[in-house]
Amino acid sequence: MATMNWRTINIDLLDPESPANFSIDTLSPAAPPVSASEVQSLSSQIKQLLRGGDSEGALRGALENPPYGGDAAAKEVHLATVVEILQSIKQSEMSPMLSRIYESEGGVEILDVLMKYLYKGMSHSSKPSSASTGSMSPQPTGFSQIHSRGGGEGGGQTMSVLLSWHEKLVEIAGPGSIVRVMSDRRTV
């Protein structure tokens with residue numbers, strides 16, 4: 001009789017429903033590939049709507065077509081477009097606009113995409129720029145002084161706008177939006 005230590009058997013390999021038996025890639029839906037030129041074209045169309053005074057249409061257009069399958073450059077272009085739209089909307093128009101979007105068909109998903117862009121924008125504006133980390137000057141005292149503070153010029157204003165949108169969005173969509181965004185594997 002062969003001696004086998006039953007405590008060393010990996011029983012997860014014997015269970016067909018074990019997470020060890022399927023690929024984690026199946027958890028996120030496949031996103032069609034999007035090129036940077038397609039995102040740039042969409043961005044120019046959205047900016048045209050914004051120049052025409054249709055800020056809600058521009059916001060909807062940007063949020064209904066997130067480049068989930070795009071490369072990093074395409075996602076950066078789209079993030080810049082969304083942030084530009086958010087900065088152009090007055091604070092008094094935020095709540096009514098978000099309420100209209102929330103009550104429309106597919107509004108919850110659109111607001112969840114907005115929440116993704118708010119978090120991505122906050123993460124980008126909190127990182128110090130490469131110019132600020134490389135522009136240190138030695139002082140006569142022997143200490144170095146960094147010239148710019150905060151994430152570069154205008155970073156604080158952008159963060160303020162994003163935080164205002166976040167506050168209004170949580171008022172309208174509730175904290176469930178935060179949970180859905182944090183658990184979604186698709187990134188913007």
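This is a predicted model: local features need pLDDT of at least 70, side-chain atom pairs count only at pLDDT 80 or more; totals for chains, interfaces and linings use all residues.
Residues are numbered from 1 along each chain as its sequence is written, and side-chain values use heavy atoms, with hydrogens and water left out.

**Stop 1: the helix pair**

Keep α2 (residues 55-64) and α3 (residues 72-88) selected. They pack at an angle of about 155 degrees, with their axes 10 Å apart. That makes α2 roughly antiparallel to α3 (angles over 145 degrees count as such). The axes are lines fitted to C-alpha atoms over the stretch in contact, and angles run from 0 to 180 degrees between N-to-C directions.

**Stop 2: the whole chain**

Zoom out. The protein chain has eight helices and two strands (DSSP runs: H or I of at least four residues for helices, E of at least two for strands, numbered from the N terminus). Follow the pattern along the sequence: α-α-α-α-α-α-β-β-α-α. Of the 188 residues, 34% are buried. Buried means under 20% relative accessible area, exposed over 50%, and partly exposed in between (1.4 Å probe, protein chains only).

**Stop 3**

The whole structure holds seven salt bridges (a side-chain nitrogen of Lys or Arg within 4 Å of a carboxyl oxygen of Asp or Glu). Select R60. Which side chains does R60 meet in salt bridges? One is E56, at 3.8 Å from N to O. Another is E64, with the closest N and O atoms 3.9 Å apart. R60 and E56 are four residues apart in helix α2, so about one helical turn separates them. R60 is buried, with a relative accessible area of 19%. E64 is partly exposed, at 46%.

**Stop 4**

Select D184 and K116. Their side chains meet in a salt bridge of 2.6 Å, N to O. D184 lies in the segment after α8 (176-183) and K116 in helix α5 (residues 107-126), so the pair ties together parts 68 residues apart in sequence. Is K116 buried or exposed? K116 is buried, at 8% relative accessibility.

**Stop 5: W6**

Finish at W6, in the segment before α1 (36-51). W6 counts as exposed because its relative accessibility is 62%.

Conventions:
Angles under 35 degrees count as roughly parallel, over 145 as roughly antiparallel, 65 to 115 as roughly perpendicular and the rest as oblique.
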